[in-house]
2 protein chains.
Amino acid sequence: MTRQEDTFHGPAAPPPRLPRLPRLTQARAPLTHAVEVLNERGERESLPIPAERPLTVYVDRREIVTLMTLGAHPEWLVLGYLRNQRLVDSVDEIESITVDWDVNAAAVATRGGIARIEERTARKVVTTGCGQGSVFGGLMDEVHHISLGPARLAQGELYGLVNAIRLQESTYKSAGSVHGCALFQGAQMLVFVEDVGRHNAVDTIAGWMWMQPGGPLPGGDKVFYTTGRLTSEMVIKSAQMGVPIVVSRSGMTQMGHEVARQLGLCAIGRATNRRFVCYSGAERIVWQPELAAPEPVRPAE
Amino acid sequence: MTRQEDTFHGPAAPPPRLPRLPRLTQARAPLTHAVEVLNERGERESLPIPAERPLTVYVDRREIVTLMTLGAHPEWLVLGYLRNQRLVDSVDEIESITVDWDVNAAAVATRGGIARIEERTARKVVTTGCGQGSVFGGLMDEVHHISLGPARLAQGELYGLVNAIRLQESTYKSAGSVHGCALFQGAQMLVFVEDVGRHNAVDTIAGWMWMQPGGPLPGGDKVFYTTGRLTSEMVIKSAQMGVPIVVSRSGMTQMGHEVARQLGLCAIGRATNRRFVCYSGAERIVWQPELAAPEPVRPAE
C-alpha cells in the first residue's frame, strides 16, 4: 500500500485492549477425495474432487445453521459466519469453538449466553449465497454508515497480488470446483482460504482477522481478493470487514457496482495477468499504465 | 434420448388432471447495464454488466425471502423457489404471482391461505446457495425416496446439447458474471435460463416446468444442464425435479458425487467441446467413443 491508513493503530491512539480469544480446536479432514470417473473415450481415470461436508453450528447447544464446507478451517469459518451474520459483535463474546468431524458439528460456547443471538436469529436470518436468500435486507442500511479509510493500491502491487494468487498452491489446482479468496497488504498475502462457496471463504477470512493475537486486524489498509464475482453481497462483506479495495478474477454485477460506488470502495475485476478493469473507486489506484499488458488484439465481431 | 421414460405420460396411464395454472405477470426489466470502467492502461471504456436486483417475495402479504436476481423471469423464479423449498406441493395452490419492479416485490396469492406455508417456514428455512446455509438438512431423507426413471443419453446427444449451449445467445456472452442452466430432451433445448446465482437459475426452470399448460412437465426423460459446479445442492435440486441426468461445464464436489451415486443419477462434468467426465451413473450414457475428441496432449508435470 502506498498510503497507510492508521485510524486503528496509529501512534497517537491508546494501545488497544487485547481481546480474550476463544479456544479453537484444529479439526482436520481431507480436502480432496479421489473418485473413479470415465472420460469421453470411456476410459477409467482417477480424479481428485474437493471435499464437501455439512457442518452444523450449535451456539450454546442451540442449532443455528448447517454450512456445506470444504473443511479447511472450520473454526475460522464458524467464527466469521457469526461475525458476518452479525450474531456476535466482538470476538470476546465467544469462549470456544469445538469442531468434531465425526459428527459434522461445531459447538460454539459463548461467555454471556445466547440471549442476544436468540433475538437476532429471530429476525429471520436469511442466509446468503449466490444471490439466493440474502443478507441484503437490513444490511444495506448499516453499510451506508461505514467509512472506509483512504487506502490506495499501486498498479504494480495489484500485479504482484494477482501473481501471488497464481503461484499459490491450492485445492483448486489439484481438484478444481472451489472458490479462493485472500487478504493482502499491498502485494503481500496475509492469508489464503478456499471453500466450496465463496461466501464461506470470505467468512473464514473474517474469522481469521478476529483471531489475531494483537487484536482484531483492521481492514482499512488491506485488499480483499476473490476468485468469485463481485456481487452486492461480496462488496457488502468486504465493507463489513472494513476493507476498501476488492479484486476479482471475475466480473461484477450491477448491484455490486452501485454499492461499491456508494461506499467509495475500489472494485477491480477481470484481474488476470496484467489486465484488469476498475469498476469504481479509481482514485484508490496509483496508476502505472507503463506496467500494463500490451493492448489486446480485438477479435473481429 | 434413446429410451423414453413414460412413467408419467405413457399410453396406459390415465390422462393427467390439468392443474389450474396461476396467473403470472410478465414483469420486464433490463438485463444488462452499461458502466464506465477504466482498463489497465487507464483508458475509459463502456462495459455491460448484468443487472442484479432484490426481489422480496410476499406470500399472502407475509414476507418470505429476498432474492437477488438478474430479473429475466421473476415469476417462474418465485414459483420454482416455493416449489424447491417445498413451501408448496402443487402449482394448484398458487392463484397468482404479481411482480412489480417499481417496488422490487413479488406478491404471491395462494388459493388456500398460508397456514401450511407458515408451518413450513417456521421449520427454519435455511436457504441454499454456494454451500452456505443449506437445504441439505432434512432434505436428504426425502431425496432418498426419489426413484429416477431409466432414461439414457447418447454421447452424440450430449455433444449436441453442449453445442446448443455454446450457440445460445446469452447475457453471459454480452456481460459475463451470470450462471446459465437449461433443460433438454436429448439434444433439444426446451428452456434456457440465466441468473446471477445458479440456484435462482435452476429454481426458475422448476417454476417453468410447473407452468406447462399440459400439466407439470415430468423430469424423468430430461437432462439438466448447468454452467455451475455439481455440488450436493445442485444434484438434490435436479433429483427433486425428477431429472436423472445432469451435465455441467464445471466439476463436482464430493458430497454431490455421493448423493448422485446414491440416487443413481448420471453426473457429467467438465463438458466442453467433445470432452467430458462421467462421475456417476455411467450406465445411463450410450457410449459412442468414436465421437470423442482426440486424446489431449498432457502437459509435462
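**Close-up views of a predicted two-chain model**

**View 1. Strands 6 and 7 of chain A in the sheet.** Strand 6 (residues 94-100) and strand 7 (residues 105-110) of chain A are antiparallel partners joined by 6 bridges; strands pair if DSSP finds at least two bridges between them. A:Ile94 has A:Thr110 of strand 7 of chain A as its bridge partner. Helix 1 (residues 74-84) of chain A packs on the sheet and touches strand 1, strand 4 (53-59), strand 5, strand 6 and strand 7 of chain A. The direction of helix 1 of chain A makes about 135° with that of strand 6 of chain A. The sheet is open, with 5 strands in the order 1-6-7-4-5 (chain A) and mixed pairing. Its edge strands, strand 1 (23-24) and strand 5 (62-69) of chain A, each pair on one side only.

The model is predicted: local features need pLDDT of at least 70 and side-chain atom pairs pLDDT 80 or more, while totals for chains, interfaces and linings use all residues. Residues are numbered from 1 along each chain as its sequence is written, chains are lettered from A and ligands numbered from 1 in the order in which they are written. Helices (H or I, at least four residues) and strands (E, at least two) are DSSP runs, numbered from the N terminus.

**View 2. Helices 7 and 8 of chain A.** The axes of helix 7 (residues 232-240) and helix 8 (residues 254-263) of chain A come within 7 Å and cross at roughly 25°; axes are lines fitted to C-alpha atoms, for helices over the stretch in contact, and angles run from 0 to 180 degrees between N-to-C directions. The two helices of chain A are therefore roughly parallel (angles under 35 degrees). The contact (C-beta atoms, placed from the backbone, within 7 Å) includes A:Val235 and A:Ile236 of helix 7 and A:Val259 and A:Leu263 of helix 8.

**View 3. Helices 1 and 6 of chain B.** Helix 1 (residues 74-84) and helix 6 (residues 198-210) of chain B pack at about 95°, with axes 6 Å apart. These helices of chain B are therefore roughly perpendicular (65 to 115 degrees). Among the contact residues are B:Trp76 and B:Tyr81 of helix 1 and B:Trp208 and B:Trp210 of helix 6.

**View 4. The contact of chain A with chain B.** Each side is listed by count: 60 residues from chain B and 60 residues from chain A. Elements of chain B that supply at least two residues each include helix 3 (136-144) and strand 14 (275-280). Strand 2 (residues 32-39) of chain A runs antiparallel to strand 14 of chain B, joined by 2 bridges. One partner pair is A:Leu38 and B:Cys278.

Methods. Angles under 35 degrees count as roughly parallel, over 145 as roughly antiparallel, 65 to 115 as roughly perpendicular and the rest as oblique. Two residues are in contact if their C-beta atoms, placed from the backbone, lie within 7 Å.
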